[in-house]
Amino acid sequence: MDSKRQKICKRTHVNSGTEVREDVEEMITDANRDTTSRHDLRTETENSDTATHQTLQDTGSVCVKIRSSRAAAVCLVLLCVLLLTAVIVLCVELSKIIDQFKIKYGNLTEEINKLNDRKSILTNSIMILSNDNKTLISKQHKLQQEMTELWQKIHKMDGWKCNQSSLYFISNEKQNWTESRRDCRERGADLIIINDREEQEFLKRVPGGTSVWTGLTHNDVEGTWKWVDDSTLTSGLWTDGEPLDNTGDKDCAINLSSGLAVNSCNTIFKWICEKNTV
Ligand SMILES: [Ca+2]
Ligand SMILES: [Ca+2]
């Protein structure tokens, strides 16, 4: 630049007129070139700075992205670990539940088998009982038929009366105690045994049921009254004041409307025979 100015000045002192003007134009052109060149250099420099700045920005952005990616990867790994842990825990719990269910199912199966066995036993028992019931019903019908026939025969028997499970024959004639019993035995019976107050009340209602010989004596042991089947006397059957003669000859008992009373066995009375139907 300085050399060009010196050149211009030299030419200005040496040349005249047109030469001075040409030199000035050439100098201006050079100046413009320098300016343009300087501008281009500055522009290149600015572009270079801009590129450098852009490169730095890009590098920072990449670093941020890498860090973000690493954080995301770490989070993802942690999440996977948590999920895996949760899955393992759930699997363990599920395994426990399945084991418990198997145990309960096994117990239930055993109980069901036992109940089925009991059901089979009960079914067999029901069948057996049902057959027994049918057999008993058949026997009951047969017994009812036989009892009906027996009652028909009883009603045809002259002089016999029925009460509960016994048949009674009341004599029309009178005999001593021994002859009376002999007559009963010939009829397949024995002198009456008054078992309780109900039977005694029955005798009150039957015509000829009182003032008759009974099967009660104390022939064997004085004072010990026994029936003809060797059973003992039920209390409450004596009439008031009886028995009066435990030590005398009144060793046989008659039945009065008020109850039992002692009398001599040789005295004659009517008598009642009794026969059990069962
Ligand atoms: Ca009786
Ligand atoms: Ca006596």
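How many of the six residues of strand β4 (residues 212–217) are buried? Six of the six are buried, so β4 is largely enclosed by the rest of the structure. Here a residue counts as buried if 20 or more other C-beta atoms lie within 10 Å of its own. Keep in mind as you explore that this is a predicted model.

## The partners of β4

Let's look at the strands that pair with β4. With strand β6 (residues 252–256), β4 pairs in the antiparallel sense, over three bridges. Strand β8 (residues 270–276) pairs with β4 in the parallel sense, over two bridges. Strand β5 (residues 226–227) and β4 share two bridges as well, and their pairing is antiparallel.

You can follow these pairings residue by residue. Now move along to Thr217, which stands opposite Lys226 in β5.

| Partner of β4 | Sense | Bridges |
|---|---|---|
| β6 (residues 252–256) | antiparallel | three bridges |
| β8 (residues 270–276) | parallel | two bridges |
| β5 (residues 226–227) | antiparallel | two bridges |

## How confident is the prediction?

Across the chain, the mean pLDDT is 83, and 77% of the residues reach 70 or more. Among the elements of the chain, strand β3 (residues 190–191) has the highest mean pLDDT, 98, while helix α1 (residues 2–14) has the lowest, 44. Over residues 1–18, pLDDT stays under 50, and the model has eleven contacts beyond four places in sequence for these residues.

Terms used. Residues are numbered from 1 along each chain as its sequence is written. Chains are lettered from A and ligands numbered from 1 in the order in which they are written. This is a predicted model: local features need pLDDT of at least 70, side-chain atom pairs count only at pLDDT 80 or more; totals for chains, interfaces and linings use all residues. A residue is buried if 20 or more other C-beta atoms lie within 10 Å of its own, exposed if 12 or fewer, and partly exposed in between; C-beta atoms are placed from the backbone. Helices (H or I, at least four residues) and strands (E, at least two) are DSSP runs, numbered from the N terminus. Two strands pair if DSSP finds at least two bridges between them. pLDDT is the predictor's confidence in each residue, from 0 to 100. Two residues are in contact if their C-beta atoms, placed from the backbone, lie within 7 Å.
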